[in-house]
Amino acid sequence: MNELFFDIQNLTHRYADGTVALNNLSLKIAKGKKIALLGNNGAGKSTFFQHLNGILQPSSGQIFFQNQPMKYNRKALLALRSHVGIVFQDPDSQLFAGNVRQDISFGPLNLGWPTDKVTEMVEWAMTETEVTHLQDKPIHFLSIGQKKRVAIAGVLAMNPDVFILDEPSAGLDPYYSKQILLLLNTIHALDKTIILSTHDVNFAYEWADEIIVMSDGEVIYHSNPFDIFEQENLLLKSHLEKPWVFEMAKVLQSKDVLSSTNEFPRNKEQLIPYLI
């Protein structure tokens with residue numbers, strides 16, 4: 001059985017205005033997985049993420065991290081956040097230092113690491129996210145795509161066990177969206193767990209080990225990246241479309257070009273040989 005990072009039991013979150021963003025949500029997240037979280041706007045994805053990092057506290061229910069109940073005192077939260085890093089959808093809510101290097105250095109310095117280790121991790125994170133050439137540039141002069149990559153670098157430099165990314169490819173052009181996918185695979189190869197939200201079903205289908213679908217603060221699907229796209233009622237409820245590679249593969253399967261014994265294509269490169 002896979003080791004659990006998170007065991008979420010009957011999690012409910014009610015905002016001060018009475019809005020119920022999470023409704024009796026229960027979920028288990030295993031170590032080492034690449035998980036894509038899908039759902040329409042207002043489904044509760046960002047609220048859910050902020051609970052995993054201890055930014056928000058449940059109105060009711062409980063979260064266990066590595067078999068221990070999550071606590072919300074300063075010491076416990078600092079320990080949690082050394083293991084669980086979060087990249088927000090809006091990088092302006094995360095970036096605040098004078099320039100890029102200073103911002104990326106902030107998290108590692110807060111962990112109390114020696115200077116040489118901080119420098120090593122910051123250099124590595126900047127290289128992986130392709131922002132080294134921006135290191136002396138003031139944050140407010142960056143484009144949205146540059147800010148997104150700097151925010152990811154800031155979490156990457158802290159080397160957490162769990163990476164949580166809220167819409168990591170939002171605001172990025174196709175080239176950098178592809179680079180983010182490659183970066184996530186590099187991070188995952190280091191035995192990290194990655195949970196990201198996205199509206200891009202093609203990205204989720206190609207990349208994820210598991211897909212979670214949320215609707216109205218509830219989890220309506222949590223399983224492999226294939227079965228959800230066979231369930232028309234869930235797709236309709238969550239306003240999701242089928243990935244184009246999945247649809248093409250189903251057509252090829254119906255024409256016996258792709259047999260049930262073949263590995264089901266998940267990206268363009270895997271699909272093309274069946275079209276030649």
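The model is predicted. Its largest pocket has a volume of about 570 Å³. Strand β9 is largely enclosed by the rest of the structure, because six of its six residues are buried.

**The largest pocket**

- In the largest pocket, 23 residues form the lining. Closest to the centre are Gln-94, Phe-106, Gly-107, Asn-110 and Met-158.
- By class, the lining of the largest pocket holds 13 nonpolar, eight polar and two charged residues.

**The second largest pocket**

- The volume of the second largest pocket is about 360 Å³.
- Its lining has 17 residues. Nearest the centre lie Lys-178, Leu-181, Asn-202, Phe-203 and Glu-206.
- Helices α6 (174-188), α7 (201-207), α9 (244-254) and α10 (268-271) each supply at least two of the lining residues.
- The lining of the second largest pocket divides into seven nonpolar, four polar and six charged residues.

**A loop residue: Asn-99**

- Asn-99 sits in the loop between β6 and α3.
- Is Asn-99 buried or exposed? Its relative accessibility is 15%, and buried means under 20%, so Asn-99 counts as buried.
- A polar atom of the Asn-99 side chain lies 3.3 Å from the backbone nitrogen of Arg-101.
- Setting aside neighbours within four places in sequence, Asn-99 is in contact with Gln-135, Asp-136, Lys-137, Pro-138 and Ile-139.

- Strand β9 covers residues 210-215. Both of its faces are covered.
- On one side, Glu-210, Ile-212 and Met-214 are buried.
- Which strand runs parallel to β9? Strand β3 (residues 34-38) does, and four bridges join the two. Within this pairing, Ala-36 has Ile-211 of β9 as its bridge partner.
- Strand β10 (residues 218-223) runs antiparallel to β9, with five bridges between them. Here Ser-215 has Glu-218 of β10 as its bridge partner.
- β9 and β10 form a hairpin with two residues between them. In the turn, Asp-216 has a positive phi of about 50°.

Conventions: Residues are numbered from 1 along each chain as its sequence is written. This is a predicted model: local features need pLDDT of at least 70, side-chain atom pairs count only at pLDDT 80 or more; totals for chains, interfaces and linings use all residues. Side-chain values use heavy atoms; hydrogens and water are left out. On a 1 Å grid over the protein atoms alone, a cavity is a set of points where a 1.4 Å probe fits but cannot get out, and a pocket is an open set with protein on both sides within 12 Å along at least five of seven lines; lining residues have an atom within 4 Å of a point. Grid points are joined across faces, edges and corners, and a volume is the space filled by probe spheres set on the points. Ala, Val, Leu, Ile, Met, Phe, Trp, Tyr, Cys and Pro count as nonpolar, Asp, Glu, Lys and Arg as charged, and the others, Gly among them, as polar. Buried means under 20% relative accessible area, exposed over 50%, partly exposed in between (1.4 Å probe, protein chains only). A polar contact is a pair of N or O atoms within 3.5 Å; within protein, one must be able to donate a hydrogen and the other to accept it, and residues adjacent in sequence count only if both atoms are side-chain atoms. Contact means heavy atoms within 4.5 Å. Two strands pair if DSSP finds at least two bridges between them.
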